[in-house]
Amino acid sequence: MATETKAVQTLKADKHLNEDVRLNADDLELQKFGELAHKWWDKISEFKPLHEINPLRLGWIDCLVNLKGKRVLDVGCGGGILSESMHFKDADVTGIDLGEKALNVAKLHQFESGSKVDYRYISVEQLASEQPSSFDVVTCMEMLEHVPDPSAIVEACAKLVKPGGSVFFSTINRNPKSYLFAVIGAEYVLNMLPKGTHDYAKFIKPSELANWARGADLNVSGMRGMSYNPITQHYSLGDDVSVNYMMHTVLSPL
């Protein structure tokens, strides 16, 4: 219990330092995910899709950068699903989020899993000012479509990665098909996600994300689409980026 208390105190200290810098966050979004935070590690809850896609995104990231021995930052880590899995690939992982309840869940889950992820309550912009060029790999998954200014997140991620390092993003394309599948299908027909999880207006076209990346000196190295088959109830990676997609970028070397 002493370790738990120290961990919670660390999060509270980070929160105090960031009271004036939490600008690029939507309080309604934080509240929405905070109300579900206790279910983060329940694999049959609203977070079931995250658990099911995690092996796919982890495998793709690890294949491209070989996480072993790398210093990794997981931006918008939530309850720590991706953070923990990268730790168990022998990476040195820091996870950051502005959802206090989710971070507390992530810290508590470490007592069960034995992971050693360093979780912090801090904005990516603030961390970029504190620790520029500090990480070999930065991941920002399923987050950009939930913030007011996603381009600022991209810029901060670029500042945090070392020259030649990799930054991974994942988000949802914006087109009629993505509205049908990610909103109508996932939230209202299949009930895979709570209604109101996504705002179609905040979806991001790959061309927009690529443009923000290039503006931050990140070179787009590749993309993969993530598709769900409602018949087999399985996710798969492929070339179709019309709905969910991941983008691999590399910071220009010095």
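Student: Is phenylalanine 203 buried or exposed, and what is its relative accessible area?
Tutor: This is a predicted model, in which local features need pLDDT of at least 70 and side-chain atom pairs count only at pLDDT 80 or more, whereas totals for chains, interfaces and linings use all residues. Residues are numbered from 1 along each chain as its sequence is written, and side-chain values use heavy atoms, with hydrogens and water left out. Buried means under 20% relative accessible area, exposed over 50%, and partly exposed in between (1.4 Å probe, protein chains only). Phenylalanine 203 is buried, as its relative accessible area is 2%.

Student: What share of the 254 residues of the protein counts as buried?
Tutor: The secondary structure comprises 9 helices and 8 strands, where helices (H or I, at least four residues) and strands (E, at least two) are DSSP runs numbered from the N terminus. Of the 254 residues of the protein, the buried share is 50%.

Student: Among contacts between residues at least 6 apart in sequence, what percentage joins residues at least 24 apart?
Tutor: Contact means heavy atoms within 4.5 Å. For residue pairs at least 6 apart in sequence, the percentage of contacts that join residues at least 24 apart is 70%.

Student: How are the rings of tryptophan 60 and phenylalanine 168 arranged, and what is the angle between their planes?
Tutor: The whole structure contains 4 aromatic pairs; rings of Phe, Tyr and Trp (its six-membered ring) pair if their centres lie within 6.5 Å, and planes under 30 degrees apart count as stacked, over 60 as edge-to-face and the rest as tilted. For tryptophan 60 and phenylalanine 168, the ring centres are 5.6 Å apart and the pair is edge-to-face because the planes meet at 75°.

Student: How far apart in sequence are the parts tied together by tryptophan 60 and phenylalanine 168?
Tutor: Tryptophan 60 is buried at a relative accessible area of 12%, and phenylalanine 168 is buried at 0%. Tryptophan 60 belongs to helix H3 and phenylalanine 168 to strand S5 (residues 161-172), so the pair ties together parts whose separation in sequence is 108 residues.

Student: Which ring has the charged end of arginine 71 over it?
Tutor: A charge sits over a ring if NZ of Lys or CZ of Arg is within 6 Å of the ring centre and within 35 degrees of the ring normal. The charged end of arginine 71 lies 4.4 Å from the centre of the ring in question, that of phenylalanine 135.

Student: Where in the secondary structure is phenylalanine 135 found?
Tutor: Phenylalanine 135 is buried, with a relative accessible area of 1%. Not counting residues up to four places away in sequence, phenylalanine 135 touches, among others, Arg71, Val72, Leu127 and Lys162. Phenylalanine 135 is found in strand S4.

Student: Which residue forms a salt bridge with lysine 162?
Tutor: A salt bridge is a side-chain nitrogen of Lys or Arg within 4 Å of a carboxyl oxygen of Asp or Glu, and the structure holds 10 of them. Lysine 162 is partly exposed at 32% relative accessible area. Its closest N and O atoms with the partner are 3.2 Å apart, and that partner is aspartate 136.

Student: How many residues apart in sequence are the parts tied together by aspartate 240 and lysine 177?
Tutor: Aspartate 240 is partly exposed at 37%, as is lysine 177 at 33%. In their salt bridge, the closest N and O atoms are 3.1 Å apart. Aspartate 240 lies in the loop between strand S7 (234-238) and strand S8 (244-251) and lysine 177 in helix H8 (residues 176-189), so the pair ties together parts with a separation in sequence of 63 residues.
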